[in-house]
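Please keep the sequence and the model in view while reading.

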Amino acid sequence: MELGSIEREIRIEASPEVVFDVVSSPEHLKEWWPDEAELSPAGDGRIGFKGDDGVGWERFTVVDAMPPRHFSFRWTHAEGETAALGNSYLVVFELEPADGGTLLKMTETGFRERGWAEAKVAAEHADHVNGWDYFLARLTPYAEKVGAGR
């Protein structure tokens, strides 16, 4: 089984401009993905997920933002480290206009580059597959709701 990347493609009934905002701005991110999001104007910050022990924070660094077609970021690197290949995951959102809506292509990579044993790579990959399947299913109706309100 290939554990190097996760790829998803979804159709959203909202414009690329709306979808770009929904995948890139902290106020929108919190509605479909993390419970908390804090980003500086430079694109560095953190996202938080609530658990039994409170909020678990993950580092988040914007790599590239080209509205409304491309947004990418690295996440899960350690506090004080610069996000890079080998210490973080890379998530890329590509947005294409499609019949009045948007075709969103999401790719996450960086599993094998972390230097983990195969069992750890497989567990992390499976966890992220489940996570993205859950969260992307929340993204679609939220983006469509935002788009309908504009």
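Predicted model: local features only at pLDDT ≥ 70, side-chain atom pairs only at ≥ 80, totals over all residues.

Residues are numbered from 1 along each chain as its sequence is written, and side-chain values use heavy atoms, with hydrogens and water left out. Helices (H or I, at least four residues) and strands (E, at least two) are DSSP runs, numbered from the N terminus.

**The sheet**

- Seven strands form an open sheet in the order β1-β7-β6-β5-β4-β3-β2, with antiparallel pairing; two strands pair if DSSP finds at least two bridges between them.
- The edges are held by β1 (5-12) and β2 (36-39), and each has a single partner strand, so one side of each is left without a neighbour in the sheet.
- On average, neighbouring strands of this sheet are turned by 20° against each other, direction ignored. Axes are lines fitted to C-alpha atoms, for helices over the stretch in contact, and angles run from 0 to 180 degrees between N-to-C directions.

**Strand pairs**

- Strand β4 (residues 54-66) is joined to β5 by six bridges, and the two run antiparallel. T61 stands opposite R74 in β5.
- Six bridges also join β5 to β6, again antiparallel, and W75 stands opposite Y89 in β6.
- Between β6 and β7 there are nine bridges, and these strands run antiparallel. P97 stands opposite T102 in β7.
- A hairpin is formed by β6 and β7 with two residues between them, and D99 in the turn has a positive phi of about 50°.
- Seven of the ten residues of β6 are buried, so this strand is mostly covered; buried means under 20% relative accessible area, exposed over 50%, and partly exposed in between, with a 1.4 Å probe and protein chains only.

**The largest pocket**

- The largest pocket has a volume of about 330 Å³. A pocket is an open set of points on a 1 Å grid over the protein atoms alone, where a 1.4 Å probe fits, with protein on both sides within 12 Å along at least five of seven lines; lining residues have an atom within 4 Å of a point. Grid points are joined across faces, edges and corners, and a volume is the space filled by probe spheres set on the points.
- Of the 13 residues that line this pocket, the closest to its centre are F49, W75, D127, H128 and F135.
- The elements that give two or more residues to the lining are β4 and α3, and α3 gives the most, with six residues.

**Two single residues**

- H77 is placed in the loop between β5 (70-75) and β6 (89-98). H77 counts as buried because its relative accessibility is 4%.
- The side chains of H77 and T61 are joined by a polar contact of 3.1 Å; such a contact is a pair of N or O atoms within 3.5 Å, where within protein one must be able to donate a hydrogen and the other to accept it, and residues adjacent in sequence count only if both atoms are side-chain atoms.
- Leaving aside neighbours within four places in sequence, H77 is in contact (heavy atoms within 4.5 Å) with R59, F60, T61, T82, A83, N87 and S88.
- A119 lies in helix α3 (residues 118-148) and is exposed, with a relative accessible area of 62%.
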